[in-house]
Amino acid sequence: MLRQELEISTFEDLLYHYPYRYFDRTQLTKIGDINGQTDYAQIAGTLINITEEGEGRKKRLVATLYDDTGRIELLWFQGAQWMKKTLKENERYIVFGKVSLFSGYYNIAHPEIEPWNADTAIAGMQPVYSTTEKLKIKGITNRSFAKLTQVLFEKVQPGDIPEVLPENILRQYNLLNRYHSLRWLHFPDTGEHEQMARYRMKWEELFISQLMIARLRLQHIAQQGWKFEKVGDHFNDFFRLHLPFELTNAQKRVLREIRLDTGTGKQMNRLLQGDVGSGKTIVAIMSMLLALDNGFQACIMAPTEILAQQHYFSISELLADMGIPVKLLTGNIKGKARKEILAGLAYGTTPIVVGTHALIEESVQFKNLGLAVIDEQHRFGVGQRARLWKKNEMPPHVLVMTATPIPRTLAMTLYGDLEISIIDELPPGRKEIKTVHRRDAARAGVMEFIRNEVDKGRQAYIVYPLIEESEKMDYESLMAGYEQVKIWFNENRYRIAMVHGRQKSDERERNMQRFVKGEADVLVATTVIEVGVNVPNASVMLIESAERFGLSQMHQLRGRVGRGADQSYCVLLTGNKLSDESYKRIQIMVSTTDGFKIAEQDLAMRGPGDMYGTKQSGVLKFKLADIVLDGAILEETRKAAQQLLSQDPTLSLPQNQGIKSMLVQQGRQSHWGKIS
Ligand code: ADP
Ligand code: MG
């Protein structure tokens, strides 16, 4: 039962099932002192008037508790029979529970109640554990947890919970030892001890994760890689003759970083961060040309079919004049066509391939893959990043590109093993996207505005939310929205396309392509268009039910416009009534287009768990630590981890054996093992 509900199956698990808050039971409250501010109270008093009230399912047990200052009612809706048998009138009890006000009188429903004796009176800080409804029904309440843990701690000796952190680290960072930390986390005698204990266990959690990352990084750094010795004709010709625009300084800088990295004889593992529209693709293309100049093949992997296609078209077009063949490989390409592509890759006659996950299938073999570019990393599992590396006797250089600006603390945790390049400059001539918030009541005006834009020859996106939990309803409102759009936009005058995840992929593809090629004026869509799609002529992004989108998601969507020279607009359409939090999100979007600011706000508002597809990865699964709030500890543990490894890279010193076995254990539990 415990195991199914809370994944607790050993005493050790119980030890790590931390309380999430405490009741202060060091104080007794006088009934006369209870007021509107009272939350939980512990009262000593005498019980009288134990009576059953109500009939059938409404039956309840009521009793009165009094002390020398007043009286309060106690109530039981469940287990009334049992309570009636155990409680005795005119006896002294100690009672603890949440005080509520009901028709002018204070009462406590389902209090914890025990016969009075001097020992139980002052029970210290009482831990509160999370349980589930199912467990509660079986009688496993918070109180049972506290009892279990208490019994456990009566049995365990300090020696049973050995220290894992080296002595010098405990001293240097002023950390409490492990035994006391765990003990005080469950049963703190003072608030101060609880704080010390909590700090220490957070420190340990973050330290272990930073050690794992630092070790991965050491492995990367030690990894031999192909040496790209020269910048050759492909790169230079492209730069001089075929590049359709001047590179921004940021793009040039990143290319230099990549050139340096790939020239060392060590494997490159680099993350390229750049806001939507900052021009990462061209950096990827020129890096691939560098690989070709040195006799290697290169590939670029995108998270969706649409994106892979788009990359394929734009890359083939850019390289067409140079006579460099580019191939596309996705799951949809089958039979003879697929065989031919696989052969081209294996024989090395195909130098550049663009694809989806299909690129990392077992059957795909390269002659000599020198560079793998992974676009929009956050859609790939952390583990998948590694699989490409096993294609040859020597792993290719890896360039991971992401449009999601990642706040520093998160980057340190998610990508701490990678080198980081940042494109912090948009191509020149871009006009800032104008973002406005409109409520449903103003819908007609919004549609009128979009029609005007379309009449000027522009295109518009209209995006609907689609959330797993309410998928069916969301599809219904998407369809209803589509019908509406057909009315707002006279079907005979305007061309409307729709894409969503339930369409067959070729149908979706066809509709998307219509919009990309300018054969549709308005694209009604779900977030399938979120990542990377590039239609420079599109100048309006209308986000329907914007209050239901996360900040990062809205930012990604907004990034679909503002890609050409025209003034672009993003309209956030919401219901007429908004919660404070939704309103705040919308206001952030209206006030800034800076992806980093938005990402930071998003992280602060939502927490890391929901972001960047990391939920499953286990990378951010901390019991106590919070990488937003505990940024300072994170920085400290990162330094400590680096220092420890610089002294003992293989963790062989005797004092590091504790931490080493923790690493091994954690590596097995989480998905960390898969990363390297
Ligand atoms: P993202 O970083 O979001 O992947 P893209 O690589 O798709 O951005 O580039 C967005 C648009 O900007 C493309 O149309 C691209 O051709 C254009 N672009 C990229 N770099 C420059 C530049 N230096 N000058 C002008 N336009 C550029
Ligand atoms: Mg892109």
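How many bridges join strand β17 to strand β20, and do these strands run parallel or antiparallel? Strand β17 (residues 459–463) and strand β20 (residues 538–543) are joined by 5 bridges and run parallel. The model described in this report is predicted.

## The six-stranded sheet

Strands β17 and β20 belong to an open sheet of 6 strands with parallel pairing, in the order β16-β21-β20-β17-β19-β18. Strands β16 (434–439) and β18 (496–499) each have a single partner strand, so one side of each is left without a neighbour in the sheet. On average, and with direction ignored, neighbouring strands of this sheet are turned by 20 degrees against each other.

Helix α17 (residues 443–455) lies across β16, β17, β19 (522–525), β20 and β21 (569–574), and runs at about 160 degrees to β20. Helix α20 (residues 551–558) also packs on the sheet, where it touches β16, β17, β20 and β21. The direction of α20 makes about 155 degrees with that of β20.

## The seven-stranded sheet

Another open sheet has 7 strands with parallel pairing, and its order is β11-β12-β10-β13-β14-β9-β15. Its edge strands are β11 (326–329) and β15 (419–423), each of which pairs on one side only. Neighbouring strands of this sheet are turned against each other by 20 degrees on average, direction ignored.

Inside this sheet, strand β10 (residues 297–301) and strand β12 (residues 352–355) run parallel and are joined by 4 bridges. Ala298 has Ile352 of β12 as its bridge partner. Helix α14 (residues 335–347) packs on the sheet and touches β10, β11 and β12. The direction of α14 makes about 125 degrees with that of β11.

## The packing of helices α10 and α12

Two packed helices are described by the angle between their axes and the distance between the axes. For helix α10 (residues 233–242) and helix α12 (residues 280–293), the axes come within 7 Å and cross at roughly 145 degrees.

From α10, the contact is made by Asp233, His234, Phe235, Phe238 and Phe239. The residues contributed by α12 are Ile282, Ile285, Met286, Leu289, Leu290, Leu292 and Asp293. By class, the contact has 9 nonpolar, 1 polar and 2 charged residues.

## The surroundings of ligand 1

Which residues are the closest to ligand 1? Of the 16 residues that surround the ligand, the closest are Glu246, Gly277, Lys280, Thr281 and Arg430. The shell around ligand 1 consists, by class, of 4 nonpolar, 7 polar and 5 charged residues.

A backbone N or O atom of Ser278 lies 3.5 Å from an oxygen atom of ligand 1, and a polar backbone atom of Gly279 is 3.1 Å from an oxygen atom of the ligand. In the side chain of Thr281, an N or O atom is 2.6 Å from an oxygen atom of ligand 1. On its own, ligand 1 has 560 Å² of accessible area, of which the protein covers 82%.

Note on methods:
Residues numbered from 1 in each chain as written. Chains lettered and ligands numbered in written order. Predicted model: local features only at pLDDT ≥ 70, side-chain atom pairs only at ≥ 80, totals over all residues. Heavy atoms only, no water. Pairing = 2+ DSSP bridges. Helix = DSSP H or I, 4+ residues; strand = E, 2+ residues; numbered from the N terminus. Axes fitted to C-alpha atoms, helices over the stretch in contact; angles between N-to-C directions. Contact = heavy atoms within 4.5 Å. Near = heavy atom within 4 Å. Polar contact = N/O pair within 3.5 Å; in protein donor to acceptor, adjacent residues only side chain to side chain. Areas by Shrake-Rupley, 256 points an atom, 1.4 Å probe, with all protein chains shown as cover. Nonpolar A, V, L, I, M, F, W, Y, C, P; charged D, E, K, R; others polar.
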